[in-house]
Amino acid sequence: MVRAVVRAARGLARDFGEVEQLQWSVKGPADFVSAADRRAEQILVQDLHRARPDFSILTEEGGLREGRFPEHRFIIDPLDGTTNYLHAMPHWAISVALEQHGEVTAGCIYDPVRNELFAADKGNGAYMNDQRIRVSRTAEIDRALVGCGLPVRDWKGRKSFPGQYERVADKVAGLRRMGAASLDLAYVACGRLDAYWEYGIKPWDYAAGMLLVREAGGKAARLEGDDRPWEEGTVMAANANLGDAFRDLLAVG
Ligand code: IPD
């Protein structure tokens with residue numbers, strides 16, 4: 001998984017240089033970016049399929065390709081933070097998880113701009129560039145830096161988000177909308193953020209990141225419950241000290 005992610009990142013990083021130039025063009029970089037996204041997906045699918053030909057593959061762009069062993073499944077977001085990428089904002093990542101029998105057993109998230117590779121293996125901890133990472137120890141919510149998503153256009157979270165936003169904003173030290181859900185979760189795992197939540201995100205956005213948070217000693221959950229774990233959902237993550245209180249704060253109302 002790590003090898004595939006690093007190989008796909010090479011092309012995306014090269015194309016990102018081009019996207020910076022395209023900001024001034026009338027047509028803008030949209031077509032160029034979706035081609036870059038597709039190329040990255042192709043590399044990931046090719047490499048992972050070569051390594052495990054019988055596993056299923058679920059990708060953001062291509063949907064589900066059933067393998068001979070559907071209970072083993074790679075879950076891929078070739079470019080998380082597409083809108084950032086499109087606007088030449090240097091905050092985006094590739095995210096790949098391996099789900100086995102309904103449970104994520106390995107995950108990696110790679111930010112090629114900062115050369116930060118986050119990886120976790122169930123039961124073996126979470127790492128950034130081979131260094132063990134842990135969630136923060138912040139215990140008071142009024143000292144917490146919290147990541148989130150923000151509603152735009154016909155975003156379905158519009159109904160529940162304002163209440164959640166108000167309750168959280170009222171209590172915490174700071175809120176950040178960074179624009180790449182996988183990195184938000186990775187940042188909770190390494191203690192840069194104390195907590196994070198977002199309404200209606202997809203499995204490829206959160207599968208690897210939730211494992212990272214748990215392996216780094218934090219709490220991560222879908223607020224709708226874990227009975228349908230691989231559907232779109234509202235995801236929360238927090239360090240161990242804040243986890244329960246933060247979850248309650250979001251769920252009220
Ligand atoms: C998006 C990013 C963003 C989140 C959106 C996601 P994409 O993923 O993770 O932070 O707010 O909900 O869809 O589309 O760039 O892969």
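# Exercises on a predicted model: helix, pockets, sheets

Just after α6, G217 has a positive phi of about 95°. The model is a predicted one.

## Exercise 1. Helix α6

Determine the extent of α6 and compare its span with the expected value.

*Solution.*
- Step 1. Helix α6 covers residues 203-215, which makes 13 residues.
- Step 2. From first C-alpha to last, α6 reaches 18 Å.
- Step 3. The expectation at 1.5 Å a residue is 18 Å, and the span of α6 is close to that.

## Exercise 2. Burial of α6

Decide how far α6 is enclosed by the rest of the structure.

*Solution.*
- Step 1. Apply the cut-off: buried means under 20% relative accessible area.
- Step 2. List the buried residues of α6: P203, W204, D205, Y206, A207, A208, G209, M210, L211, L212, V213 and E215.
- Step 3. Since 12 of the 13 residues of α6 are buried, the helix is largely enclosed by the rest of the structure.

## Exercise 3. The largest pocket

Describe the largest pocket by volume, by the residues closest to its centre, and by the class of its lining.

*Solution.*
- Step 1. The volume of the largest pocket is about 930 Å³.
- Step 2. The lining has 31 residues, and T83, V152, W155, R177 and E198 are the closest to the centre.
- Step 3. Assign elements. β3 (69-80), α3 (82-86), β11 (195-201) and α6 each give the lining of the largest pocket at least two residues. The largest share, 4 residues, is from β11.
- Step 4. Sort by class. The lining of the largest pocket holds 11 nonpolar, 7 polar and 13 charged residues.

## Exercise 4. The second largest pocket

Which element supplies the largest share of the lining of the second largest pocket?

*Solution.*
- Step 1. The second largest pocket has a volume of about 260 Å³.
- Step 2. Of its 14 lining residues, G102, E103, V104, R214 and W230 are the closest to the centre.
- Step 3. β5 (103-111) and α6 each contribute at least two residues to the lining of the second largest pocket.
- Step 4. The largest share, 6 residues, comes from α6.
- Step 5. By class, the lining of the second largest pocket splits into 7 nonpolar, 1 polar and 6 charged residues.

## Exercise 5. The sheet of 8 strands

Give the strand order of the sheet of 8 strands and identify the strands at its edges.

*Solution.*
- Step 1. The order is β2-β1-β3-β4-β5-β6-β7-β8, in an open sheet with mixed pairing.
- Step 2. At the edges stand β2 (63-65) and β8 (131-133). Each has a single partner strand, so one side of each lacks a neighbour in the sheet.
- Step 3. From one strand to the next, the twist averages 20°.
- Step 4. Take one pair. β6 (residues 116-121) and β7 (residues 126-128) are antiparallel and pair over 3 bridges. F118 lies opposite M128 in β7.

## Exercise 6. The sheet of 5 strands

In what order do the 5 strands of the open sheet run, and which are the edge strands?

*Solution.*
- Step 1. The order is β10-β9-β11-β13-β12, and the pairing is mixed.
- Step 2. The edge strands, β10 (174-176) and β12 (219-222), each pair on one side only.
- Step 3. The twist from one strand to the next averages 15°.
- Step 4. Take one pair. β9 (residues 145-148) and β11 run parallel, joined by 3 bridges. C148 has W197 in β11 as its bridge partner.
- Step 5. Link back to Exercise 3: β11 also gives the largest share of the lining of the largest pocket.

Key: Residues numbered from 1 in each chain as written. Predicted model: local features only at pLDDT ≥ 70, side-chain atom pairs only at ≥ 80, totals over all residues. Heavy atoms only, no water. Expected span 1.5 Å × (residues − 1). Buried < 20%, exposed > 50% of the residue type's maximum accessible area, 1.4 Å probe, protein only. 1 Å grid on protein atoms, 1.4 Å probe; cavity = no way out; pocket = protein on both sides within 12 Å on 5 of 7 lines; lining within 4 Å. Points joined across faces, edges and corners; volume = space filled by probe spheres on them. Nonpolar A, V, L, I, M, F, W, Y, C, P; charged D, E, K, R; others polar. Pairing = 2+ DSSP bridges. Axes fitted to C-alpha atoms, helices over the stretch in contact; angles between N-to-C directions.
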